[in-house]
Amino acid sequence: MEASNESSTTDFILLGFSNWPQLEHIISGVVCIFYLVTLVGNTTIILVSYLDTHLHTPMYFFLSNLSFLDLCYTTSIVPQMLVNLWGPKKSITYGGCVLQFFFALDLGATECLLLAVMAYDRYAAVCQPLHYTVIMHPQLCQNMVLTSWIGGLGSALLLCSLTMKLPRCGQREVDSFFCEMPALIKMACVYSKVLEIVVFTLGVVFLLVPLSLILISYGVITQAVMRIKSAGKWHKILNTCGSHLTVVTLFYGTAIYMYMKPQNNSTSLDEGKFLTLFYTIITPSLNPLIYTLRNKDVKSAIKRMLYIFLNGQKSCESGGNT
């Protein structure tokens, strides 16, 4: 216990990709690019969903929440990661590590539930089109989003408190580029059966159950789509649902692989780092691209906003000249 208390007042060292010093500058450049895409893309979706009245629907309410989650998630990781990649010091304070760990868990768990909510929204839109506005009324949408946030918060508080209480026996090196749960658990000098049970249980609740509900929803949607004779409607449904399924596959696939393994699993830590890099940095940047490139409504809304903005600029210039 003394070792645990001692380490709670000491900085942690994020090893990151120090095994490949020649790759660190390349990785930092790639991370910078994807982070900028994440910032611009997700901010654009939030602004367009808010400003364009055509997008004041449940689907885009959930999508703007997903974009906000991705913005917060990457921002809790990337700045510290870039500081460590560019500078000689690769340390993070104990408090900073706890906060990073907490927010990564909180936002990740919330996204798990929100993706399931979005699947239910698509089910209601496709399978109950005449009753869609009654089913997905604003109060229900707000309650589902609030439940997702509260669920993520509760799971993060539980896992963060259990993980950070593990004795580390003076160990300060986190073999990852941010304070994530698998790396922090491997730092412990004891094996915690309680923590493993809690992690597995929450993994079922936040990963397997939502994923099962999503797959069931899309199974029913597929049957409904097969009965649609209009090629235009069929194509539009496939676009919106296909976008969501792509995001679900990218997010859940890597998250289940990383978090549903036993603590004593012998998977290569280097392999885990690159998988973590994928779902923490790359996936949030792909979400806005996936939704905008495959969605005519969003593309049309962006064109309308650009048209209004450019016309406003021209009006200002012509007014100034006169």
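Predicted model: local features only at pLDDT ≥ 70, side-chain atom pairs only at ≥ 80, totals over all residues.

Colleague: How many disulfides does the rule give?

Modeller: A disulfide is a pair of cysteine sulfur atoms within 2.5 Å. By that rule there are two. One joins Cys 97 to Cys 179, with 2.0 Å from S to S. It links distant parts of the chain, 82 residues apart: Cys 97 sits in helix α5 (residues 94-127) and Cys 179 in the loop between β3 (173-174) and α8 (181-187). Helices (H or I, at least four residues) and strands (E, at least two) are DSSP runs, numbered from the N terminus.

Colleague: Why is the disulfide of Cys 97 and Cys 179 called left-handed?

Modeller: Because the torsion about its S-S bond is about -120°. Cys 97 is buried, at 0% relative accessible area; buried means under 20%, exposed over 50%, and partly exposed in between (1.4 Å probe, protein chains only).

Colleague: And what about the link of Cys 169 and Cys 189?

Modeller: Their sulfur atoms are 1.9 Å apart, and with 65° about the S-S bond this link is right-handed. Cys 169 lies in the loop between α7 and β3, while Cys 189 lies in the loop between α8 and α9 (193-226). Cys 189 is partly exposed, at 38%. Counting bonded cysteines along the chain, the pattern is 1-3, 2-4.

Colleague: How should I read the aromatic rings?

Modeller: A pair of aromatic rings is described by the distance of the centres and the angle of the planes. Rings of Phe, Tyr and Trp (its six-membered ring) pair if their centres lie within 6.5 Å; planes under 30 degrees apart are stacked, over 60 edge-to-face, and the rest tilted. Here there are nine such pairs. One of them, Phe 61 with Phe 62, is tilted, at 5.7 Å and 50°. Phe 61 is partly exposed at 29%, whereas Phe 62 is buried at 0%.

Colleague: Which residues do ring pairs link into a cluster?

Modeller: Phe 17, Trp 20, Phe 177 and Phe 178.

Methods:
Residues numbered from 1 in each chain as written. Heavy atoms only, no water.
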